Amino acid sequence: MDIVGRTFATVAELYTRLKREATKVGLVVNASKTKYMLVGGTERDKARLGSSVTIDGDTFEMVEEFVYLGSLLTADNNDSREIRRRIICGSRAYYGLQKKLRSKKIRHRTKCVMYKTLIRPVVLYGHETWTMLEEDLQALGVFERRVLRTIFGGVQEDGVWRRRMNHELTQLYCEPSIQKVAKAGRVRWAGHVARMPDSNPAKMVFASDSAGTRQRGAQRARWADQVQNDLASVGRIRGWRDAASNRVLWRQIVDSVLSV
């Protein structure tokens, strides 16, 4: 469970109410496992709060990041760290299946199914909400090509073995790349959020205007900006929120993002 508020006072009030209601049914908050994170705060704000905060007699550690529901949340909203973490998790799944992926007794198509069902979902867990930089996309591509090279093996030319080139892997795989799958998932989720009722928390966050100002210098792209870029790549950008209400049309748009 998480408590979100724009100010410390709001979070403290919500926590106090939660704690009192939980006590009524015999539940106790474990302060050692509960963390407090300031998102988007300045160095002055962090110095003022210190290394811990105390609310209603309970002291919570201040953290810069923590894992919530399997995803890494960071104080600076940096998805790149979560993407690197997911790639590491995917590598563990890959090494666990490496013997089978190298086996000559299993067909290439079967190995590709194993990759798409047992390895790629580990890497792309939560990808619908990612805001990805170009280096993030490159890191995903490097990981996928490493798996595909294991699946398809090398090439022997004039008695000398060499590893397959990137374009050769693309021709053999005949499936959308992991980058395209990630972008299509983001567009699919955007349509899902757009169809939510206005009272849904996710829809309220999506439709609301963020408070505060952005810092000077180059800025990270917003999630909604990248959704628009994904749609622009297939010629769909105007009135996309209205188009999302048509599930059949939106499914076609998602398929177009996969194949572009």
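User: What makes Asp 158 an exposed residue?

Analyst: In this predicted model, Asp 158 has a relative accessible area of 82%. Exposed requires over 50%, so Asp 158 is called exposed. Asp 158 sits in the loop between strand E6 (155-157) and strand E7 (160-162).

User: What makes the phi of Asp 158 worth noting?

Analyst: The phi of Asp 158 is near 55°, a positive value in a residue that is not glycine. Most residues other than glycine have a negative phi.

User: Which residue in the turn of the E4 and E5 hairpin has a positive phi?

Analyst: That residue is Leu 69, with a positive phi of about 55°, although Leu 69 is not a glycine. The hairpin has two residues between E4 and E5.

User: Why is Leu 69 called exposed rather than buried?

Analyst: The relative accessibility of Leu 69 is 63%. Because the label exposed applies over 50%, Leu 69 counts as exposed.

User: How do you know that strands E4 and E5 pair, and in which sense?

Analyst: Pairing calls for at least two bridges. Strand E4 (residues 65-68) and strand E5 (residues 71-74) are joined by four bridges in the antiparallel sense, so they qualify as paired. As an example from this pair, Phe 66 has Leu 73 in E5 as its bridge partner.

User: How many bridges join E1 to strand E3, and in which sense do they run?

Analyst: E1 and strand E3 (residues 58-62) run parallel and are joined by two bridges. The requirement is at least two, so E1 and E3 count as a pair. Within this part of the structure, Tyr 36 stands opposite Met 62 in E3.

User: Why are strands E1 and E2 called edge strands?

Analyst: Three strands form an open sheet in the order E1-E3-E2, with mixed pairing. Strand E1 (35-36) and strand E2 (52-55) each pair on one side only, and they are the edge strands.

User: Why is Tyr 125 labelled partly exposed?

Analyst: Tyr 125 has a relative accessible area of 39%. Buried means under 20% and exposed means over 50%; the value for Tyr 125 lies in between, and therefore the label is partly exposed. Tyr 125 belongs to the loop between helix H5 (108-123) and helix H6 (134-152).

User: What makes the approach of Leu 69 to Tyr 125 close enough for a polar contact?

Analyst: The backbone oxygen of Leu 69 lies 2.7 Å from a polar atom of the Tyr 125 side chain. The cut-off is within 3.5 Å, so the distance meets it. Beyond four places in sequence, the contacts of Tyr 125 include Leu 69, Gly 70, Glu 82, Arg 86 and Trp 130.

User: How do you know whether Gln 226 is buried or exposed?

Analyst: Gln 226 has 10% relative accessibility. The limit for buried is under 20%, so Gln 226 counts as buried. Gln 226 lies in helix H10 (residues 223-232), and its side chain has a polar atom 2.6 Å from the backbone oxygen of Met 132. Leaving out residues up to four places away in sequence, Gln 226 touches Trp 130, Thr 131, Met 132, Arg 186 and Ala 221.

User: What share of the residues in the protein chain is buried?

Analyst: Buried residues make up 35% of the 260 residues. The chain exposes about 16600 Å², of which carbon and sulfur atoms supply 53%.

Conventions. Residues numbered from 1 in each chain as written. Predicted model: local features only at pLDDT ≥ 70, side-chain atom pairs only at ≥ 80, totals over all residues. Heavy atoms only, no water. Buried < 20%, exposed > 50% of the residue type's maximum accessible area, 1.4 Å probe, protein only. Contact = heavy atoms within 4.5 Å. Polar contact = N/O pair within 3.5 Å; in protein donor to acceptor, adjacent residues only side chain to side chain. Areas by Shrake-Rupley, 256 points an atom, 1.4 Å probe, with all protein chains shown as cover.
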